[in-house]
Amino acid sequence: MSGSISTIRTRHRWSCLLLAWSLVATTATAAQTQSHDSIRQAAEQHVLDQFDQKGQQVNATAKRLDSRLRLAACDEDLETFSPYSRKNISRITVGVRCNAADGWTLYVPVTLSLIKEVVIANRELPSDTILTPADITIEKRDVAKLHRGYLERPQQAVGKIVKRRIRQGAILTPGQLNIQHAVKKGTQVVIVARIGTLVVRMNGKALTNGAIGERIKVKNSSSNRQIEATVIDTGVVKATT
């Protein structure tokens, strides 16, 4: 009976030793490999640094790495770089590199969202609509996937002509609009000038095309002097003071 108890105790001690050795080996292996989170965080920070601008919200999410991937722990700070030119900023590949003697390089896909205030159609806009402030509004949208561009200020849209129907809520792009020239080069214009409380009107000639709100050069027909003026209506400009 005592022999059986001794054998059981011996087996128990061996089991404890094997378990302890297993835990030590596992800890040592984990300490010698680079954590996946540190690699992903480095890739995400690389993208955030590139798109950190006032007036926009940036979110970057690196793809999860294969759980079977084991890379040697880097005893230096990880280096990040952009290996390719960006064609689609919504999905960017970031290089993460360890420059130690036994270093490594990994390429990590990062998904980007870029939230900015952009010009939106406030209603359905038929083709040939001349845009007014009532036709548009400003909303925050993700612009990372907008390959055709977008408008950030109402002034970029007001006075322009819609080429084809735009649905309500759609983001306006430069390619959807044509410039509506309220004044054309070489045509006669009325120059409005304010002198104190007095408003003076005189004839002039447009030297460039201009949409409402744009500054153009005009020539005063009486004095032949060239001045800058702002287009305020069809054939009417206001002298810049």
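User: Where is Asn-224 in this thing?

Analyst: In this predicted model, Asn-224 sits in the loop between strand 12 (215-220) and strand 13 (226-233). Its phi is near 60°, which is a positive value in a residue other than glycine, and Asn-224 is exposed, with a relative accessible area of 53%.

User: And Asp-128, what's its phi, and is that one buried or exposed?

Analyst: Asp-128, which is not a glycine either, has a positive phi of about 75°. Asp-128 belongs to the loop between strand 4 and strand 5 (136-142), and at 60% relative accessibility it counts as exposed.

User: OK, stepping back. How many helices and strands are there?

Analyst: The secondary structure comes to 2 helices and 14 strands. Of the 241 residues in the protein, 32% are buried, and among contacts between residues at least 6 apart in sequence, 52% join residues at least 24 apart.

User: Which element has the lowest mean pLDDT?

Analyst: That is helix 1 (residues 2-31), with a mean of 42, whereas strand 2 has the highest mean, 96. Over residues 2-30 the pLDDT stays under 50, and the model has 0 contacts beyond four places in sequence for that stretch. Where pLDDT is low, the predicted coordinates should not be read in detail. For the protein as a whole the average pLDDT is 85, and 87% of the residues score at least 70.

User: Then let's talk about helix 2. What does its buried side pack against?

Analyst: The buried residues of helix 2 pack against strand 1 (56-62), strand 2 (79-81), strand 3 (91-98) and strand 4 (104-121). Those buried residues include Ile-39, Ala-43 and Val-47, and also Arg-40 and Glu-44. The helix itself covers residues 36-50 and reaches 22 Å from its first C-alpha to its last, close to the 21 Å expected.

User: What is Glu-44 in contact with?

Analyst: Leaving aside neighbours within four places in sequence, Glu-44 is in contact with Ala-60, Thr-61 and Ala-62. A polar atom of the Glu-44 side chain lies 2.9 Å from the backbone nitrogen of Ala-62. Glu-44 counts as buried because its relative accessible area is 18%, under the 20% cut-off.

User: Which residues have the most contacts inside the largest nonpolar core?

Analyst: They are Ile-39, Val-47, Phe-51, Trp-104, Leu-106, Val-108 and Val-110, in a core of 26 residues. Helix 2, strand 1, strand 3 and strand 4 each supply at least two residues of this core, and the largest share, 8 residues, comes from strand 4.

User: Last topic: how many disulfides does a search find?

Analyst: A search of the whole structure finds 1 disulfide, and it joins Cys-74 to Cys-98 with an S to S distance of 2.1 Å. Cys-74 lies in the loop between strand 1 and strand 2 while Cys-98 lies in strand 3, so the pair ties together parts that are 24 residues apart in sequence.

User: What's the handedness of that link, and are the two cysteines buried or exposed?

Analyst: The link of Cys-74 and Cys-98 is right-handed, with 90° about the S-S bond, and both Cys-74 and Cys-98 are buried.

Conventions: Residues numbered from 1 in each chain as written. Predicted model: local features only at pLDDT ≥ 70, side-chain atom pairs only at ≥ 80, totals over all residues. Heavy atoms only, no water. Helix = DSSP H or I, 4+ residues; strand = E, 2+ residues; numbered from the N terminus. Expected span 1.5 Å × (residues − 1). Buried < 20%, exposed > 50% of the residue type's maximum accessible area, 1.4 Å probe, protein only. Contact = heavy atoms within 4.5 Å. Polar contact = N/O pair within 3.5 Å; in protein donor to acceptor, adjacent residues only side chain to side chain. pLDDT = per-residue confidence, 0-100. Disulfide = S-S within 2.5 Å. Core = buried A, V, L, I, M, F, W, Y, C linked by side-chain atoms within 4.5 Å.
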